[in-house]
Amino acid sequence: MTLQRVGDWGALLSTLLASGCNGGETQPPGPPADLTPSGGGQSWYFNNPLPAPLGVTVFDVSGRPVPGVVVTWTVTSGDSSGAVNPAQSTTDANGIASTTDSVGSSTIQRVSATVTGLLSPATFTEFATTPPTSAAVSLENFAFNPQNSVVQTGGTVTWTWNDGTANHTLNFNSNDPTPRPPDKPQQASGSVVFTFTTVGTYNFFCAIHQYQGMAGKLTVVH
Ligand SMILES: [Cu+2]
């Protein structure tokens, strides 16, 4: 019985070897057969690049990523002030190509990604609104609320201490853009008001409680 089983396995192994299953050789991917999009459905602000790139992963018919494929990006609806940059990009070793998109002054924009030889493009729908011209952040319950804020350049942000007798500081990361508010030593009441003029991302924190997660982010847009 046991010998018979060993014989069966030997036969199976011979069959596998004969069928070309040599275990090491990688076959190059075939032509593009499918596109998987990423970065669709973002909501951002007029005339600002979307926070995440638009991307597609190109697969062959067996689901293997295909490098070296040229992807053409086209704004198919929306205001002409919206744009993709670059308009063509080439898939990398992981089969991924991407572009940066701005919705322009449209509230809704559609973008397609096409590959020669594929009938169906990948499509993206993106959204934009007017940026807020002010923001308010409350220091409360050992946290910044809200944790993430957005303001337009020229807009004002107010931080207000609202945590009873608990002391908190307001510090900015040293590599954040300038100008930014000077660091505020620990206090239990009061506020900081600052008008931001430089586009970018600002990361602030309480020096006492940062390792308990008391940190926040401000994004200043055009
Ligand atoms: Cu604190």
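The legends below describe close-up views of a predicted model. Local features are given where pLDDT is at least 70, side-chain atom pairs count only at pLDDT 80 or more, and totals for chains, interfaces and linings use all residues. Residues are numbered from 1 along each chain as its sequence is written, and side-chain values use heavy atoms, with hydrogens and water left out.

View A. His168 (ND1), Cys206 (SG) and His209 (ND1) coordinate the copper ion at 1.9 to 2.2 Å. Donors are N, O and S atoms within 2.8 Å of the metal (3.2 Å for Na, K and Ca); water is not among the atoms, so sites may look incomplete. The spacing of the donor residues in sequence is H-x37-C-x2-H. Histidine 168 belongs to strand E14 (residues 168-172), while cysteine 206 sits in the loop between strand E17 (200-205) and strand E18 (215-221), so the pair ties together parts that are 38 residues apart in sequence. Strands (E, at least two residues) and helices (H or I, at least four) are DSSP runs, numbered from the N terminus. Histidine 168 is buried at 0% relative accessibility, and cysteine 206 is buried with a relative accessible area of 0%. Here buried means under 20% relative accessible area, exposed means over 50%, and partly exposed lies in between (1.4 Å probe, protein chains only).

**View B. The salt bridge between arginine 64 and aspartate 60.** The structure holds one salt bridge, defined as a side-chain nitrogen of Lys or Arg within 4 Å of a carboxyl oxygen of Asp or Glu. The N to O distance between the side chains of arginine 64 and aspartate 60 is 2.9 Å. Aspartate 60 is buried, with a relative accessible area of 4%, whereas arginine 64 is partly exposed at 29%.

View C. The bond from asparagine 145 to proline 146 is cis, with omega near -5°. Proline 146 is in the loop between strand E11 (143-145) and strand E12 (148-152). The bond from threonine 178 to proline 179 is also cis, with omega near -5°. Proline 179 lies in the loop between E14 and strand E15 (184-187).

**View D. Two asparagines with positive phi.** Asparagine 47 is not a glycine, yet has a positive phi of about 60°. Its loop runs between strand E2 (43-45) and strand E3 (54-59), and asparagine 47 is partly exposed at 40% relative accessibility. Asparagine 141, likewise not a glycine, has a positive phi of about 50°. Asparagine 141 lies in the loop between strand E10 (134-140) and E11 and is exposed, with a relative accessible area of 62%.
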